Structures are given as structure tokens and as C-alpha cells.
Amino acid sequence: MKTLRKHSRQREELLKVLRGTKSHPTAGWVFARLKNKFPRLSLGTVYRNLNLLRDEGKVQELAFGSTFDRFDGNPLPHYHFICEKCGRVFDINLPVENTLNKKAEKAAGFKVDRHRVEFFGRCRNCLIKGGGEN
Ligand SMILES: [Zn+2]
Ligand SMILES: [Zn+2]
């Protein structure tokens, strides 16, 4: 009972950390933030809790291949921009095109539940710093 309560408290804190940032952090980043509060916490536990929260629909996982898994405290569908220079992930303030699902359904004859869009390029910061070079 005691450990159960402790675990749900960890999960609550984890959710708070994720909801408190717009940086779409990795599990490692979340782990570093929680380590002070829960000294016995392991990275494996953080992963397990993140997956649990994802399965419950409270957060979303942005899988960009195994080296680049990030988590998003906003579970609602939205688009992302990934800076190929600094690797930061940003939310793009664009309405989600739900008609795209229907178009894909028509084109493929499949049942489409959702879609993901990621834009790639250079963020404002990198544009300022980088000048004209690529
Ligand atoms: Zn950048
Ligand atoms: Zn996001």
C-alpha cells in the first residue's frame, strides 16, 4: 500500500514536470529533474511511468527513432517543428487538419485514426546565430 502510494506520487510529479515545460524533453531530462525529490528513482522507473501516462492518454510520446524519443505534456494532437541544428522541438500553432485523415483513408482504403506532422528546419535562434551558412 505504501509503495503504491509512493509510485503514484512519483507519477504525479512526473506529469507536473512534463506539463511545466514546452521543451518536449527526453526521459533522461525528466529523470534528472526528479532525482532530487526521489533519490532512489531509476531511469527505468521513469520510462515505465512515462509509458503508463502515455497509455492513459495523459502525455504523448514523440518517437523520432530510438535516439530521439521525447515526451510531450500536451496529449492533444498538434504539430511540431524540429530544428535540425540544435535539435530542439517546438509546438507549431496550426490547426490540425482532420480532413487529411479522410483523404488518406480514401487514398489507401484503410481506417485512419490520426496523423502526425513534423516540420524540419532551423529555429529562430539558430537562424540568428548561424547567419548564412548551413
Ligand atoms: Zn535551433
Ligand atoms: Zn508538443
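## Contacts and overall fold

Two residues are in contact if their C-beta atoms, placed from the backbone, lie within 7 Å. Among contacts in this protein between residues at least 6 apart in sequence, 47% join residues at least 24 apart. The structure is a predicted model, in which local features need pLDDT of at least 70, side-chain atom pairs count only at pLDDT 80 or more, and totals for chains, interfaces and linings use all residues. Residues are numbered from 1 along each chain as its sequence is written, and chains are lettered from A and ligands numbered from 1 in the order in which they are written.

The protein has five helices and five strands (DSSP runs numbered from the N terminus: helices are H or I, at least four residues; strands are E, at least two). Their order along the sequence is α-α-α-β-β-β-β-α-β-α.

## Packing of helices 2 and 3

Helix 2 (residues 27-34) and helix 3 (residues 43-55) pack at an angle of about 115 degrees, with axes 9 Å apart (axes are lines fitted to C-alpha atoms over the stretch in contact, and angles run from 0 to 180 degrees between N-to-C directions). Helix 2 is therefore roughly perpendicular to helix 3 (65 to 115 degrees; under 35 is roughly parallel, over 145 roughly antiparallel, and the rest oblique).

In this contact, A27, G28, V30, F31 and L34 of helix 2 meet L43, V46, Y47 and L50 of helix 3.

## Residue H115

H115 lies in the loop between helix 4 (99-108) and strand 5 (118-121). Because H115 has 14 C-beta neighbours inside 10 Å, this residue counts as partly exposed (buried means 20 or more other C-beta atoms within 10 Å of a residue's own, exposed means 12 or fewer, and partly exposed lies in between, with C-beta atoms placed from the backbone). Leaving aside residues up to four places away in sequence, H115 touches L100, N101 and A104.
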